[in-house]
Amino acid sequence: MRVTEQSMEIGGRRLAYLEAGAGWPVILLHAFPLKADMWRPQLESVPQGWRFIAPDLRGFGRFLPPEGGRITMDDYAADVLALMDGLELDDAVIGGLSMGGYVAFAMYRLAPARFTGLVLADTRPQADTPQALEGRVRLREVLAKEGPAGVAGQMLPKLLGDATRRDRPDIVQQARTMIESASPVAIDAAIGALMTRPDSTPVLDAIACATLVLVGEHDEITPVPEAEAMQRAIGRSTLSVIRGAGHLSSFEQPDVFSRGLSDFLLARL
Ligand code: MLT
């Protein structure tokens, strides 16, 4: 399937996104500190009857860097809702991986009626723990000293599973390139958004749409038991564990992930 690069001017800001397919819309939100391109494997195999749209979150990918430096998950969510407005999409299946999931929670808080379905991959509802906050401060220091390459060095061992790091140098290199090409301003702003995001646990009970939870078998950042607990707390939900993947499950095992996503979507038609 052909993937096209698109952009739209909204409120004086350029929103860039990748798009493939035609039909019922699915919005896919990327992880930190990556970009829309991490969803290319899913866009390239978009199921018949569906249209996949993957935006760059503010400052990442082809999106212009944020000016001030301070940003919240609600800002990212408002950008995506504005993109949906611009595309004249009243609603969509909305999904995110890790930070993309945090943005999906923020969108659900702001506009639950715009969800025809929800996909939560390798993510968690809770806010950062004190220990996680300390890790973010250290990551900011690494970013200031070594730039995005230092961030890639710190994060890749946690983002990718052991098998991927051992056997798939191509995937490791693609993930590294995405992180190294990220804007330091955008990474710093996103760290702030991660640190200040609210607890979305109360949202779980309110989620009324069909929900698919996916998690890499070896995800160290949001491990399987956390995904299981999140799935149990959401009414109409199912869980799919992606064998052989770490945290970036959609990128590490794209065929298995895409099959799980397709099965979920086709059951919605
Ligand atoms: C991500 O993959 O988006 C990040 O690992 C999320 C986080 O650090 O909480």
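Which residues line the largest cavity? I shall answer that in a moment; please keep in mind that the structure before us is a predicted model.

A search of the whole structure returns two cavities of 30 Å³ or more. The largest cavity is lined by Met73, Tyr102, Phe105, Arg109, Arg124, Pro125, Gln126, Arg197, Pro198 and Ser200. Its volume is about 50 Å³. Helix H3, residues 99-110, provides the largest share of that lining, with three residues. By class, the lining of the largest cavity consists of five nonpolar, two polar and three charged residues.

The second largest cavity has a volume of about 30 Å³. Around the second largest cavity we find Leu15, Pro55, Asp56, Leu57, Phe63, Tyr76, Asp79 and Val80. Here the leading contributor is helix H2, residues 73-86, which gives three residues to the lining. The classes are six nonpolar, no polar and two charged residues.

I turn now to the ligand. Where does the ligand sit? The space that the ligand takes is the largest pocket. The shell around the ligand is made up of Ala31, Phe32, Ser98, Met99, Tyr102, Arg136, Leu159, Ile221 and His247. Tyr102 was also named in the lining of the largest cavity. Sorted by class, the shell around the ligand has six nonpolar, two polar and one charged residues. Two helices, H3 and H4, the latter spanning 130-159, each supply at least two residues of this shell.

For tyrosine 102, a polar side-chain atom lies 2.6 Å from an oxygen atom of the ligand. For arginine 136, an N or O atom in the side chain is 2.8 Å from an oxygen atom of the ligand.

How much space lies in the largest pocket? The figure is about 660 Å³. The largest pocket is lined by 25 residues, and those closest to its centre are Ala132, Arg136, Met155, Lys158 and Ile221. Of these, Arg136 and Ile221 also belong to the shell around the ligand. H4 gives the most to the lining of the largest pocket, with 10 residues. H3 and H4 each supply at least two residues of that lining. In terms of class, the lining divides into 11 nonpolar, seven polar and seven charged residues.

Finally, two points of backbone geometry. Most residues other than glycine have a negative phi, and most peptide bonds are trans. Against that background, phenylalanine 32 and proline 33 are joined by a cis peptide bond, with omega of about -10 degrees. Proline 33 is found in the loop between strand E3, residues 24-29, and helix H1, residues 40-44. Phenylalanine 32 is itself one of the residues around the ligand. Glutamate 88 lies in the loop between H2 and strand E5, residues 92-97. H2 is the helix that gives the most to the lining of the second largest cavity.

Technical notes
Residues are numbered from 1 along each chain as its sequence is written. This is a predicted model: local features need pLDDT of at least 70, side-chain atom pairs count only at pLDDT 80 or more; totals for chains, interfaces and linings use all residues. Side-chain values use heavy atoms; hydrogens and water are left out. On a 1 Å grid over the protein atoms alone, a cavity is a set of points where a 1.4 Å probe fits but cannot get out, and a pocket is an open set with protein on both sides within 12 Å along at least five of seven lines; lining residues have an atom within 4 Å of a point. Grid points are joined across faces, edges and corners, and a volume is the space filled by probe spheres set on the points. Helices (H or I, at least four residues) and strands (E, at least two) are DSSP runs, numbered from the N terminus. Ala, Val, Leu, Ile, Met, Phe, Trp, Tyr, Cys and Pro count as nonpolar, Asp, Glu, Lys and Arg as charged, and the others, Gly among them, as polar. A residue is near a molecule or strand if one of its heavy atoms lies within 4 Å of it. A polar contact is a pair of N or O atoms within 3.5 Å; within protein, one must be able to donate a hydrogen and the other to accept it, and residues adjacent in sequence count only if both atoms are side-chain atoms. A molecule sits in a cavity or pocket if more than half of its atoms lie within 2 Å of its grid points.
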